[in-house]
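Please keep the sequence and the 3D view open while reading.

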Amino acid sequence: MSVTKIKRKALCLLLISIATNAYAADQEDSSFDNGGKLLLTGGVTQLEGSAGGGLTPWAVIGGYGTDDEIGANAFYTRVNTGSYHLDDAGVMIGFYNRVELSFAQQRFNTEQVGGLLGLGDGFTFKQNVIGVKVRVAGDLVVNSDSLMPQISVGIQHKKNNQAGVLAFIGAKDDSGTDFYVTATKLFLADGLLINGTLRFTKANQIGILGFGGDKNDSYKPQLEISAAYLLSQKWAVGAEYRMKPNNLGIATEDNWFDAFVAYAPNKHVSFTVAYADLGNVVIKDNQRGVYASVQVGF
Amino acid sequence: MNTIFKSMSLFSFLLLGAQVPVLQAQEAPVAQQDEIPQDDELPADEAHASETPAVSPANLASTAPAYPELLPVYKQFGEEAGLVKLMDVFMDKLLADSRMRPFFENADQARVKKHLVEQFCVILGGPCTYSGRDMKSSHAALGIDRANFNALVEDLQWAMNKQGIPFRAQNKLLAKLAPMHREIETK
C-alpha cells in the first residue's frame with residue numbers, strides 16, 4: 001500500500017471519527033424548525049449548484065419544502081487542491097418538491113500554474129451554471145417498504161468566460177449543456193442512502209476547461225455514484241465517485257473521488273467538509289485537498 | 001441571520017407573485033382547525049366507529065403489522081413501559097408544536113397515547129394487542145398532507161431522542177411507519 005493510500009484512509013477515518021464524536025456530544029436535540037422535509041434528506045449543494053452530494057446531483061429537490069411548499073437555498077463552496085483553488089457560490093429554489101431551479105458561479109483560480117502556462121499567476125476561469133431538475137417518480141423517505149427510489153431528470157447549462165484560452169487548449173466550445181438522470185434510494189431502516197446518476201456531457205473538468213476537444217467532441221455517458229450513512233438526524237458521512245470524459249489531448253482528465261461529513265444543526269444551515277481527490281488537472285497530478293461547503297436555506 | 005432569511009423569503013415571495021402559497025403548510029393546520037370535529041383524534045379513534053363502515057381486517061393488519069424480528073428494537077425502546085413514557089413525551093411535543101396542535105388539542109389524548117403504545121408495541125414484535133381503528137378510516141376526515149405527516153415524524157424523532165432511543169432503533173421503527181403515509185394522507 002502506498003503512502004498516499006494510507007494517508008487517504010487515515011483522513012477518511014479521521015473525518016468519520018470527528019463526526020462520530022460530534023454526534024455523541026449532540027444527542028440532546030434542539031427543536032426542529034418549519035418546513036416539511038426531514039433533516040438532511042434534501043442533501044447539500046453539489047459543485048454545479050444542484051441539490052445532491054458534493055460532486056454529484058441527487059434526485060432530491062433542494063430546500064425543505066414539500067408538495068405544497070417552496071424552499072430555497074444559497075451555498076458557498078471552497079475547494080483547495082494543492083496547485084489550484086475553486087470558489088463556488090449559488091442559489092437554488094425548489095418548487096413543491098417537484099422542480100428545482102439553480103444558479104451557480106464557479107471561479108477556478110490557477111494560482112502559480114497560470115504563470116507557468118503563460119496566463120499569469122492567479123489566472124481564473126469563471127463559469128456560470130444554470131440548472132433545472134424535475135422529480136419524475138418516487139419519494140425518498142416514505143417508500144421505505146419498497147426498493148423504488150426517487151428519480152429525477154435534469155440539465156445543467158454552463159458558460160465559461162475564457163473562450164480564447166479554451167480554444168487554444170483544444171476545447172471546441174466555451175459553453176455546453178449536461179443532461180442527467182438520477183435515482184436516489186434511502187434505506188431508512190439502515191440509515192443508508194445510495195445514489196446513482198448517469199450524466200451525458202462534453203464538459204472538460206466540468207466545463208472549467210471548456211467543452212469537447214481534439215480527442216472527442218461527442219456526448220459521453222458518465223456514471224456518478226454516492227453513498228451516505230446517516231449517523232443521526234444531523235450527521236451523515238459518505239463517499240462519492242464521479243467519472244469524467246477525457247476529451248483534451250493536452251492533459252488527461254481523471255475521475256473524481258471524495259469522502260465527506262455533513263452536519264445540519266437545523267433546517268436553515270448545513271456544513272459539509274470533504275477530502276477530495278481530483279487526480280490530474282492540466283499539468284498537475286494528484287490534486288487532492290479539502291472541500292468545504294456551507295448552505296443556508298429557508 | 002433570521003432577518004436575512006425573512007428578507008430572502010420576502011424577496012422570493014415578490015419574485016414569484018403574491019398568489020404563490022409560500023410556506024402554506026405553516027398556516028394550513030390552523031385553517032383546518034374549524035373543520036376538525038371536536039372529538040376527533042389522529043391515530044385511532046373509536047368515537048366515529050359507528051359512523052364508518054366496518055373496518056376490513058386487511059386495513060387493520062396494515063395498521064399494526066407485527067414484525068417479530070424487531071423484538072431487539074422493542075427492548076431498545078424499553079418495552080411497554082418505555083413506550084408509555086415515549087408517548088407522554090411525544091404528546092407533549094405534539095401539543096407544543098403549532099403545526100400539530102390543531103390535530104391533537106381536542107382529541108382524547110389518553111386514548112391516542114394508549115393506542116400508539118399498542119400499535120408500536122405490536123409492530124416491534126411485543127406482546128400487545130392493538131385495539132384502535134385502522135389508519136385509513138381514523139385519518140380520513142383530517143385532511144392530512146405530506147408536510148403534516150413529516151412534521152409528526154419530526155416530533156416523534158424529537159421524542160425518541162429525548163428518551164435516548166438509539167438512532168438506528170428509531171429508524172427501524174420509522175421504516176415500518178413511513179409507508180402508512182398512503183393510508184394517512186388524503187391530500
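In which sense do strand β8 and strand β9 of chain A pair, and over how many bridges? In this predicted model, strand β8 (residues 175-187) and strand β9 (residues 192-201) of chain A pair in the antiparallel sense, and nine bridges join them.

**Chain A overall**
- Chain A contains 14 strands and three helices, and 50% of its 298 residues are buried.
- Among the contacts in chain A with a separation of 6 or more, 59% are made by residues 24 or more positions apart.

**The barrel**
- Twelve strands of chain A form a closed barrel with antiparallel pairing, in the order β3-β4-β5-β6-β7-β8-β9-β10-β11-β12-β13-β14.
- Direction ignored, neighbouring strands of this sheet are turned against each other by 20 degrees on average.

**Strand β7 and its neighbours**
- Strand β7 of chain A (residues 150-160) is joined on one hand to strand β6 (residues 124-137) by ten bridges in the antiparallel sense, and A:Val134 stands opposite A:Val153 in β7(A).
- β7(A) also pairs with β8(A) in the antiparallel sense over ten bridges, and here A:Lys159 stands opposite A:Ser175 in β8(A).
- The covered face of β7(A) consists of A:Gln150, A:Ser152, A:Gly154, A:Gln156, A:Lys158 and A:Asn160, whereas A:Ile151, A:Val153, A:Ile155, A:His157 and A:Lys159 make up the uncovered face.
- In a regular strand, side chains alternate between the two faces of the sheet.

**The largest nonpolar core**
- The largest nonpolar core has 95 residues, of which A:Ala236, A:Ala262, B:Phe120, B:Leu124 and B:Ala178 touch the most other members.
- Helix α9 of chain B (residues 146-162) supplies the largest share of this core, with eight residues.
- Leaving aside residues up to four places away in sequence, A:Ala262 touches A:Leu40, A:Val44, A:Ala236, A:Ser270 and A:Thr272.

**Helix α10 of chain B**
- Helix α10 of chain B (residues 167-177) is mostly covered, with eight of its eleven residues buried.
- These buried residues are B:Gln170, B:Asn171, B:Lys172, B:Leu173, B:Leu174, B:Ala175, B:Lys176 and B:Leu177.

Note on methods. Residues numbered from 1 in each chain as written. Chains lettered and ligands numbered in written order. Predicted model: local features only at pLDDT ≥ 70, side-chain atom pairs only at ≥ 80, totals over all residues. Helix = DSSP H or I, 4+ residues; strand = E, 2+ residues; numbered from the N terminus. Buried ≥ 20, exposed ≤ 12 C-beta atoms within 10 Å, placed from the backbone. Contact = placed C-beta atoms within 7 Å. Core = buried A, V, L, I, M, F, W, Y, C linked by C-beta atoms within 7 Å. Pairing = 2+ DSSP bridges. Axes fitted to C-alpha atoms, helices over the stretch in contact; angles between N-to-C directions.
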